[in-house]
Amino acid sequence: MPKIVVDGISYEVDAGNNLLEALLNLKRDLPYFCWHPSMGSIGACRQCAVIQYRDEDDDTGRIVMACMTPVSEGTIFSTDTDSAKEFRRDVIENMMINHPHDCPVCEEGGECHLQDMTVMTGHRNRTYSGPKNTFRNQYLGPFIDHEMNRCITCYRCVRYYSDYAGGVDLAAFASRNNTYFGRHQDGILESEFAGNLVEVCPTGVFTDKTLSEHYTRKWDLQSAPSICVGCGAGCNTSASERYGQLRRIHNRFNDQVNGYFLCDRGRFGAGFVNNEDRIPQAGIRDSEGKYDRVSAEEALSHVADQLANSSGKVVGIGSPRASLESNYLLKQIVGEGNFYSGVSSKEQELTNCIIDIMRDGSVKTPSLAEVEEADAVLVLGQDLTNTAPRLALAVRQSVRNRSKELAVQAQIPLWQDAAVRELAQDELSPLVLLTSYADRLEDVASLSCHASATDIARIGFAVANRLNDRFTAVDGLSETDQKTVEEVVEILKAADRPLIVSGTGSQSKSVIEAAANIAWALQADNEQTAIMLCVPECNSLGVGLLERENSNTLTDLLDSTDTISTAIVLENDLFRRASTQQITAFAAKLEQLVVIDSLDNATVSLSDVVLPAATFAETEGTLVNNEGRAQRSFAVFEGAGDIQGSWQWLTNLGKALSREGFAALERIDSVTAECERSNDLLSGITKVAPTADYRVEGMKIARMTHRASGRTAMRANINVHEPKQPVDQESALAYTMEGISGPRAPLSAYVWSPGWNSNQAVHKFQTETGGPLSHVNPGIRLIEPAGNGSPQERYREVPQPRAAGAGSLALIPRYHIFGSDEMSARSKAIAELAPSSYLAIAPETAQRLSVVSKDGVEFTIGNRTLQLEVVVDSSVDDGCALFPAGLADTLDLMHQAQVSLQKAAGWTPRTTTQDKLIAKE
Amino acid sequence: MSAAEQDLIQALSDEEIGEIEKEITHLNGRKSAAIDALKIVQKHRRYVSDESLQAVANLLGMSFAELDGIATFYNLIFRKPVGEKVILLCDSVSCWIMGGVDIREKIKSKLQIEMGETTPDDKYTLLPMSCLGDCDHAPAMIVGEDVYRDLTNERIDEIFDE
Ligand code: SF4
Ligand code: SF4
Ligand code: FES
Ligand code: FES
């Protein structure tokens, strides 16, 4: 560790670092703009200037940029000599020449890095009195507002958007005082990760449009640490509320998971919490079929009566979007044998297969941070950008490892971002995409091909065999596929840290098995091999672990011939799990359907009793992400009306029924503990976060900032006496500004540190910039491979090639980041970008059916005849038809393997303009 | 490449495509030819329209925004139509001392246009330019390919009467 001297004090710092990071790691302040821990230094803003001295006798020194200056033994710097301070103050004064100084109406105000840095440098008086530049702002879509006048030309936005996230439609235009950051014309930003601009831009150029609708300053928001429920990646978020509504989602740093970035589904997809379809009150259907509003107590005693006096079996249907605790409690109430996992047998089979591979296999599942380290990635049948978006962003970083290798060889420090990029030019680490349709990662893929799930699995099995001949060989591969196999084998063999990615996306167990075989075959020669398998929902893996020993699925229940009189459905719209026909028939046979859910949906409409459930924002619970990491999410605010967490409804129901063990359940902590005790696989979930009685120096952790001045004014128009704040019994967090916050708190509701009002404050919470948070648990991994590293050949069943032609097409779900996920799709901004339903087919198929794009096709599923609009897409394999997954009118297609199409007679083309996210052609 | 993208490439003449491809052979990577390609298009069409820019972007495997970022960085790549000849009139300090402002007013009244405008007959576009490196013969300007030095009102009349 080299010793350096800064302002006369000597420090030991990490070798190879730059001075800016070294100083921040020492928890010293130095202003900066363009440097970003995930993007390195480019020396563009000149804000981090310090004086460097040649030696002890040098008393003038020279100005250097701290972010561009390596620390080495004996270097001497000063940050606080007058010349350094003046320089930094002048830099900011220059930046502010064209700045509108509109903080009072700027949505960045109060959490603005530019404000913080201006104060830090001491620039107070404006001397410039000339005219300022005025730019025209652009429409950038439903997520982000644009106010270019506030730009200070730090280039962070384009470096993030293009260099980091791979976007191509945001650029820096013109030069000097005219430099403009935006699109070449108004339009929706194409990147699925554009929302991070809100946090990356140090000023108010890019701001959150969904927050803007009901704007609240950061200091007036009430926040809690939360986990995104948008997909299985489990990104950490800081969710914020005001006036009983969820106002925004910000990134919450977790060095193992999402780092500094979220996807736009996660950031803008939580609006469903405020949806007008929220169920505020319990309801019981009367004899005329209408719901009567009833109190929570009445509803509970009614359900308890029904259960106690039920003539037939009482079953519980769980859900992969509900917490471990809620699923566990429902299971306890109905009894092990009467609990059904809430997903189809198909989905459960896939999830189980994934758990087998992760647990009993020999290959490690990486964290998202480790994914970025891979030097060759093979994706089998999973559309990452649209199913686990943050993982796609991590894979996109992995292809840069080649440039990092080159930089290390050339002795260029990795934080020298421009130099590293310049050196590598277009050299990328290999990424192979074997998917069913064109993928958004294709621009950085070294090889990509589109095939049906069966063909992908066959290629995968063949790759494993070519890597290690103990694995089953595949007969009858086409010559092209054979060539692909050889190429993939070469790539994987040459890699030091190969990563295989797959998941449930293609709905094919064979694809997942093929991925495992490849990983195991590689593992024999390379212990650094990793495998990442994606599950569809925020707690798919958690429920999979909970139900590991239980083979009961929703399909089993629907097929069962038992007389079932009552079913309790936990946060699950069954119409998304099985065909309309099956669910309707099932519901018709029941005496009582009890639904616990947050938003009205088709299943709720069939219920006899509905209990209003909290969303993630109003309750707490434990979720397990697709890496097997258990993480706890906390209530941001109390639900309105009778809304309670599902686990609370179920705890009370269990008590009302005097079920064994329920009397002792006090708070969620006791439920989590019982849940952990019930299942070895869940061991560790109680340690994920501090319990409700945790105190720091006798204090709880504040959800509000200590400047939450507005609280007293919130209801002043009604009554100047401020009502008592709710008391949180369930967690170590408090609904007040009293209590601790900041780096010492073991739960970080929001980031703030003296002088650092913006999200940049996070470096005060980290052990080092970009490193782990010093006091916060990053979650606990529940699954580690048990295998001893020896390759095993578990999977031998190579799928047979799909019989060609015969007029029927293989149905393949195409996932949409905006639209396919149930809950986020019910957020206004997301719904605006969701596609309308369609069926995408290959040009050859279209020709045979004599249809062109925008024509209609017709087909039957069960007893329903459906019509959909055609999209002709050359990236689709002939013989396949893609439908958008998860849209209301295509749900039934999920349970169908094939369709026979014909041109729809009397089709009137849709007049919407919403084709933007569907295939280009 | 989609049919639509193919069509756009056709928006460049074969000659332009040929010249651009030739530049590419001298360089490392197609994108490196961005500035040369823009200059080639401008040579043939006087300016780079949105359609041409999109066509060049497709040809080089770049996005519109990426290429436009480069095009707009350089003030001698014209993104709006210009006349047959572009007048680049120096507005820097030596020329200013030597009466550049008068010359500017003279040209404006002679051609009946403001700075940044094109004459109705499409002959000239008048743009400012910083120091032509001809300070010893200030005031100076470039018209098309030719440099004119030691400008006076009479010289302006002569030049534009020709
Ligand atoms: S828009 Fe924001 S991030 Fe981009 S250059 Fe301007 S200040 Fe920096
Ligand atoms: S990747 Fe998944 S978990 Fe992460 S922010 Fe996006 S939707 Fe949420
Ligand atoms: S942070 Fe060092 S120059 Fe911008
Ligand atoms: S100032 Fe005009 S040519 Fe130099």
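Predicted model: local features only at pLDDT ≥ 70, side-chain atom pairs only at ≥ 80, totals over all residues.
For the complex, the predictor reports an ipTM of 0.91 together with a pTM of 0.95. The average pLDDT of chain B is 93, and 94% of the residues of this chain score at least 70. Within chain B, helix α1 (residues 3-10) has the lowest confidence, with a mean of 64, whereas the highest, 97, is found in helix α5 (residues 64-73).

Chain B is divided into two parts: domain 1 covers residues 3-73 and domain 2 covers residues 85-161. Taken over C-alpha atoms, the centres of domain 1 of chain B and domain 2 of chain B are separated by 31 Å.

Helix α3 of chain B (residues 34-45) was examined for its length and its buried residues. With 12 residues at 1.5 Å a residue, α3(B) should span 16 Å, and this agrees with the 16 Å between its end C-alpha atoms. The buried residues in α3(B) are A34(B), A37(B), L38(B), I40(B) and V41(B). Viewed down the axis of α3(B), these buried residues fall within an arc of 160°, so they line one face of the helix. An α-helix has 3.6 residues a turn, so residues three or four places apart point the same way.

Key. Residues numbered from 1 in each chain as written. Chains lettered and ligands numbered in written order. pLDDT = per-residue confidence, 0-100. Helix = DSSP H or I, 4+ residues; strand = E, 2+ residues; numbered from the N terminus. Domains from an automatic or database assignment. Expected span 1.5 Å × (residues − 1). Buried ≥ 20, exposed ≤ 12 C-beta atoms within 10 Å, placed from the backbone. Arc of directions from axis to C-beta.
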